[in-house]
Amino acid sequence: MSDTNHETASCDHTSSTERKSHHSEKTKNNLFQRLNRIEGQVRGVKGMIERDTYCDDVLHQISSIQASLNGLGKQLLEHHLKSCVIERIEEGDREVLDELLITVNKLIK
């Protein structure tokens, strides 16, 4: 889940319509690798359904995809906390806490 090199990143939150994170190349590559694996898993489920694979086996694969997505979400949340949220709090922006609570509630549904 965690990016062990603890690279820092900055976040541009000056414009609420186009906020951006600035991930290091290593972090982006890690995220892309995870997303590529998840894409492969989803394609695998499509193939299983096309081949009329036993429902229980498909459901197990869907569970695996959900776990992979949760892991990706946890990694992004950790990065967000260690960069964007800390920066905004240090700048006196306490609204970021309300935003964070909304995001966490969506993640744990």
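Student: Which residues of α1 are buried?
Tutor: The buried ones are T27, L31, R34, I38, Q41, V45, G47 and M48. Buried means under 20% relative accessible area, exposed means over 50%, and partly exposed is in between (1.4 Å probe, protein chains only). This is a predicted model, where local features need pLDDT of at least 70, side-chain atom pairs count only at pLDDT 80 or more, and totals for chains, interfaces and linings use all residues. Residues are numbered from 1 along each chain as its sequence is written, and side-chain values use heavy atoms, with hydrogens and water left out.

Student: What covers the buried residues of α1?
Tutor: The cover includes α2. Helices (H or I, at least four residues) and strands (E, at least two) are DSSP runs, numbered from the N terminus.

Student: OK, step back. How many helices and strands in the protein?
Tutor: There are 3 helices and 2 strands. Along the sequence the pattern reads β-β-α-α-α. Of the 109 residues, 25% are buried.

Student: What is in the largest nonpolar core?
Tutor: It has 7 residues: L31, I38, V45, M48, V58, I65 and L72. Both α1 (25-50) and α2 (55-90) supply at least two residues each. The top contributor is α1, with 4 residues. A nonpolar core here is a set of buried Ala, Val, Leu, Ile, Met, Phe, Trp, Tyr and Cys residues joined through side-chain atoms within 4.5 Å.

Student: Which residues is L72 in contact with?
Tutor: Set aside its neighbours within four places in sequence, and L72 is in contact with L31, R34, L35 and I38. Contact means heavy atoms within 4.5 Å.

Student: What about V42, where does that lie?
Tutor: V42 is in helix α1. Its relative accessibility is 38%, so V42 counts as partly exposed.

Student: New topic. At what angle do the axes of α2 and α3 cross?
Tutor: Roughly 170°, and the axes of α2 and α3 (residues 95-107) come within 11 Å. That makes α2 roughly antiparallel to α3. Axes are lines fitted to C-alpha atoms, for helices over the stretch in contact, and angles run from 0 to 180 degrees between N-to-C directions. Over 145 degrees counts as roughly antiparallel, under 35 as roughly parallel, 65 to 115 as roughly perpendicular, and the rest as oblique.

Student: Which residues make the contact?
Tutor: From α2, G73, L77, H80, L81, V85, R88 and I89. From α3, V96, L97, E99, L100, V104 and L107. By class, that is 9 nonpolar, 2 polar and 2 charged residues. Ala, Val, Leu, Ile, Met, Phe, Trp, Tyr, Cys and Pro count as nonpolar, Asp, Glu, Lys and Arg as charged, and the others, Gly among them, as polar.

Student: Last one. Where does D52 lie?
Tutor: D52 is in the loop between α1 and α2. D52 has a positive phi of about 55° although it is not a glycine. Most residues other than glycine have a negative phi. At 69% relative accessibility, D52 counts as exposed.
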